[in-house]
Structures are given as C-alpha cells and as structure tokens.
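Keep the sequence and the model open beside it.

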Amino acid sequence: MNKVPIQIMDLTTLKAVVFELSQDIVPSRFENAQQIDSHTIQLGFRTLEKLTWIEISWLAESPRIVSIPPPKRYGEKSTLAKQVKHLLVNLALVEITQTGFERIVRFKLSSRPGKEIEKELIVELMGRHSNILLLDSKKKVITLGKQIKESQSRLRPIGTGDIYTSPPPLKGLIPDYSESFNSWKDNICLVPSTFKNSLKDTYQGISPALTLQIAGNNYNDAINIINQSVTSIELDIWEAIYKKWKEWLLDIENNNYSINFKGATDFVVWGQMKSNAKNSKIGISLSIYYSNKIAERKINSIREKLKQDLKNSKDHEIRKLEEQELLIQNISEYITMQNKANNLLTLQSPTKKQIIEAQRLFKEAKRKKRSKESILNRINFYKKKISNIEYCELFLNSLMYGENNDNKNNLESIIELKEEVEEYICIKKNTSKFKSNRNKEQTSNIKEIQSPSGLKIQIGGNNRQNELISLRKGKKGDLWFHAQESPGSHVVLKSSNGLFDEKDIQLAADLASLFSRARANKQVPILMVPIENLQRISGALPGTVSHRGGKVIWGKAERAEKYFHHK
C-alpha cells in the first residue's frame, strides 16, 4: 500500500488525543519536563494513580501531542525544559481544551482545581508553523519552542514578552452534521476541481488523510475517487462519501474514538473500523507509530548520506591507487638501467662520456628503486583503505538483516556505523545532528539469535561491534566464524555457555556467509577458530584480528535467510 511516509496528526486525531488526555490526566499535578531534541519536549503529570508522560513536538513534518511510556532521563538541562519546570512547579493541570476545527490545544494550570488559571501552555499544530508557548495569567509569552521574527512572518511575529495572539481564523465553512446532502454536494461542486481540492477549500478541518478515509476503506479505490473531478463522480459514490462524512461528524460530536491501523491511511481514529483491542490507548499507539516513522526517516537519511560518503571515499582511494600503480609501471625499468650502466663500465676502454653516462644511469636506477619501495608501501596503504571502506559498505548493506526490526535499535546501529566511518574512513569532525547516545565503551546493540541448542550467536554490525564480541566479550570456549578472504561480520557462537552440536556450528557458518560480501555465492568458505586463538592487529581498525589455526566450513547464506524467515 503506497501510503504517505508520515501521517500528520490532523484535526480528528488531535480531538481524539485531547479527549483521551482529558480523561487520563485532568486533574493532575505537573511534575517534570525534559527536552529530547530541538523540537520535542516531554512533560510528566502526576495523577492519584500514576505518573503519566506526554510528548509534544513542533517538528514541521510531524507535529504532535501523544502519550508515551515513561521515558529515559534525557534533556532535563535544556533551557526550555528548565524554564517549563521552574514555571510550572507545584501547579495542577485543571483543563485541556481544543475549540471547533482549530488545531490549537490549551493546557490550563492553576494552584488547584477551581482556582484562577495562572499559566497556560498552548500547543499549535499547524505544519511548519507549529509551536509551543507558555503564557502567564495576562496572556504574555514567558517562553516558547521557537521565536518567530518579523523576517519570518510579518503576519504574526511572536517572541518572549509579547502578548499572545491567536493565529488567523480558518477559511471555509464549518462542517455541520445537520447539513443536507444536496447542500453539502453543491458547496463542494461550487468551483469545479478534483474532489480532494474542492473538499479542502470548502470546509474546515479537512486533511489529506481524512479525505482518503471518507472516500473509502481501500487506498487504491480512495485515491482514484479523490483525484476525480467533482463533475465526473457518480451519484452513488457521492452518497457513500456523504454517509461517511456524517459518520465522521457524529463520532467527533460524541467523542467516539478508537485507533485502527487498517484502512486507506496508516491509521484511523473514527468510523466503523474499530480497534480489535478496545482498551488500546490512542496516544500510546500514536507515539509508537510516530517514533517508528521518524526513526525510519532518519535511518533512510543517514543511509543515503553514508552510502554516498563511502562511494566518494572509495572512488578517491581507487584513483590514488591507480596513480601509484601507473608510477610503479613507469619505474620498473630501473633493472634495465643498471644493466645498461654495467655494460658501459665493462667496455674494454670506456670513454669519459660513457663513464659519466653510466654513473647517471646508476644514480637514476637507485632513485627509481627507492621510489619503487615507497610506491609499493603506498599501494598497500590504499588497498587497505579500500578494504576498510568495503567492510563499512558491507555493514551498511547488512544492517537490516536479521530478526531485529526495531527502528529505534536500527537507528542506533546506523548512527554507530556513521560515527565509525567519520572517525576512521572519511575523517571529519563529528558535527552531525544524528549522534549515538551510547558511550564507546558501552555494550552496543549487538544482533543476537538463538542456536538450535539454545546458545547465543552474536553478529557484529560494525568494526567496534566485531571487536566487542570477539576480543572484549569473547570467552575461552567460544567459537569465532568469519568468511575466508572476504569482508564480513564477525560471528561468535557462545559455546562457553553450554554444549553445542553440528547444527549450531552450521548455523553460525551460514550466518557468517550471509553477513559477508560473498553472500551471493552458492557456498562460502568460513573460518572457524577458537576465540582464544584470536589476536588484535595493532594499529588497524577496531575488530581487525589475526588467528592461529582454525578449520574451514562451508556456509550457505540462503540457509541463514530461511532460518530468519521461518523460525
């Protein structure tokens, strides 16, 4: 299904979340605040039963208010978090309001229920104009998510100390449940256009997602309908859409919401398609949806940038290698020069001119010989760098293999790989907005699966992870697997933890072939070495090892893939 990458929190979804939050955290006492990035803040409210957290984001691509599970402590020292925490301390959340078809939510706080409102937290979810503002009792802005300067908006600049003014009023008619079918249809058809444009321009509170939802439950059918001209839509389709329109308005009026992830859009919070789990929380479900989608977007962004950086670095090193190989061809004639000089000096009566020429040839041959040694060293250096880049390309391609489809963990893994590439390959200052939350010494997000005998099999996802599982965390009795003479992940069977059999060894060998550059081959020779026979190569990239002894086993990447799909 070709749905939009991230479904925006529209008016309908916002109403559903506000209604749910009003039931869950009103009244409650504000307890904590932390800002996890430049456009997202998390707030904790204490009810009689528990501490409930909400997340508010004014990110243009996905502005939202959602409930979240208790988060890790992070970002408590940001300026905005400290200001909010200081200004709302000891205040109670007594009301959450959202009016009509505006996407503006007001969190009202006072010393206790029934007392005068002392602070008001306003959340405006309006695409790139989204913002969060904290007002005092006189409607003056105390702090806000982002300052809006006159150069950014002449219509409504706003900053700390300004008196809050509402956004311009919405255009279009207010949807009315009592409006007749003919009046509704005539209003939409007033200006001939596609259904999606006419509906959006005629009524308030209409989003692309809602337009698809009222057009039908199947994405392809709905997309065909909304892209038709209003003059070409059949009467029976108009009647079906009007029926869904009325259902939508009735559900809003009755606060009849339940989230479902099936339909014409990623999720629906109204209508007949109700969630199978009646007690599922809309806010929590949406927080999972948005965190996965945002992580997926970041992963794709980092992957494409990393892929291009590695390609550019590899092309650069290949050009340098070709230059050196061309030089080596040009200086390989030094032996010929030496022979020619010897021939001149072994003449029975060489002339002075011939002696001078022989000396020149010896000198030039000596220089070329020294140059050859230097160039060979450079050739080996560039070959090593190309090999390191190919390792990183392999890790990037292998990142999404395996059973771990958690976007949050995948994001952490690709950020680790990016930092490693920036440190060892494309040497640059780490100023990226995407940074790993892990310390280099901490345990990374290692891929782990269970062998047929119940033992752990660990798979390195980058050079640091290779070093971690093979050298730092490896124990005597563990077995190490790696594709022979091919870039690949280290695979470690934790046989120090229990008995193993041939099935465990074969699976580890198959995994080593799957996570190697030779995975396309029908069979891949895999080295199996007791982990105590490994030794780190000094001065090389993390995870670069030499080994003593070992045994070659044939691995099949195809078998490993089937194991992931059928276990």
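Two strands count as paired if DSSP finds at least two bridges between them. In strand 2, Leu43 is the bridge partner of Ala33. The model is predicted, and the points below are grouped by topic.

**Strand pairing**
- Strand 1 (residues 28-37) and strand 2 (residues 40-46) run antiparallel and are joined by seven bridges.
- A hairpin is formed by strand 1 and strand 2, with two residues between them.
- Strand 1 also runs antiparallel to strand 5 (residues 92-98), joined by two bridges.
- Ala92 in strand 5 is the bridge partner of Arg29.

**Salt bridges**
- Side chains of opposite charge can pair when their charged atoms come close.
- The structure has 23 salt bridges.
- Lys200 pairs with Asp201, with 3.2 Å between the closest N and O atoms. Lys200 is partly exposed at 45% relative accessible area, and Asp201 is exposed at 54%.
- Lys293 pairs with Asp266, with 3.7 Å between the closest N and O atoms. Lys293 lies in helix 8 (residues 282-331) and Asp266 in the loop between helix 7 (235-253) and helix 8, so this pair ties together parts 27 residues apart in sequence. Both Lys293 and Asp266 are buried.
- Arg536 and Glu467 form a salt bridge through their side chains, at 2.9 Å from N to O. Arg536 lies in strand 15 (residues 534-536) and Glu467 in helix 12 (residues 463-472), so the pair ties together parts 69 residues apart in sequence. Arg536 is partly exposed, with a relative accessible area of 32%, whereas Glu467 is buried at 9%.
- A network of salt bridges links Lys314, Glu390, Glu393 and Arg517.

**A buried leucine**
- Leu134 lies in strand 8 (residues 131-135). Leu134 is buried, at 1% relative accessibility.
- Leaving out residues up to four places away in sequence, Leu134 touches several residues, including Leu87, Leu88, Leu121, Val141 and Ile142. Lys119, Glu120 and Lys140 are also among them.
- Leu134 and Arg106 are 28 residues apart along the chain, and their C-alpha atoms are separated by 9.8 Å.

**Nonpolar surface patch**
- Leu345, Ile355 and Phe362 make a nonpolar surface patch of about 210 Å².
- Leu345 sits in helix 9 (residues 334-345) and is partly exposed, at 39% relative accessibility.

**Cysteines**
- A disulfide needs two cysteine sulfur atoms within 2.5 Å. By this rule there are zero disulfides.
- Cys189 is partly exposed, with a relative accessible area of 23%. Cys392 is buried, at 1% relative accessibility.

Note on methods:
Residues numbered from 1 in each chain as written. Predicted model: local features only at pLDDT ≥ 70, side-chain atom pairs only at ≥ 80, totals over all residues. Heavy atoms only, no water. Buried < 20%, exposed > 50% of the residue type's maximum accessible area, 1.4 Å probe, protein only. Helix = DSSP H or I, 4+ residues; strand = E, 2+ residues; numbered from the N terminus. Contact = heavy atoms within 4.5 Å. Patch = residues over 30% accessible without salt bridge, like charges linked within 9 Å, V, L, I, M, F, W, Y side chains within 5 Å. Areas by Shrake-Rupley, 256 points an atom, 1.4 Å probe, with all protein chains shown as cover. Salt bridge = Lys/Arg side-chain N within 4 Å of Asp/Glu carboxyl O.
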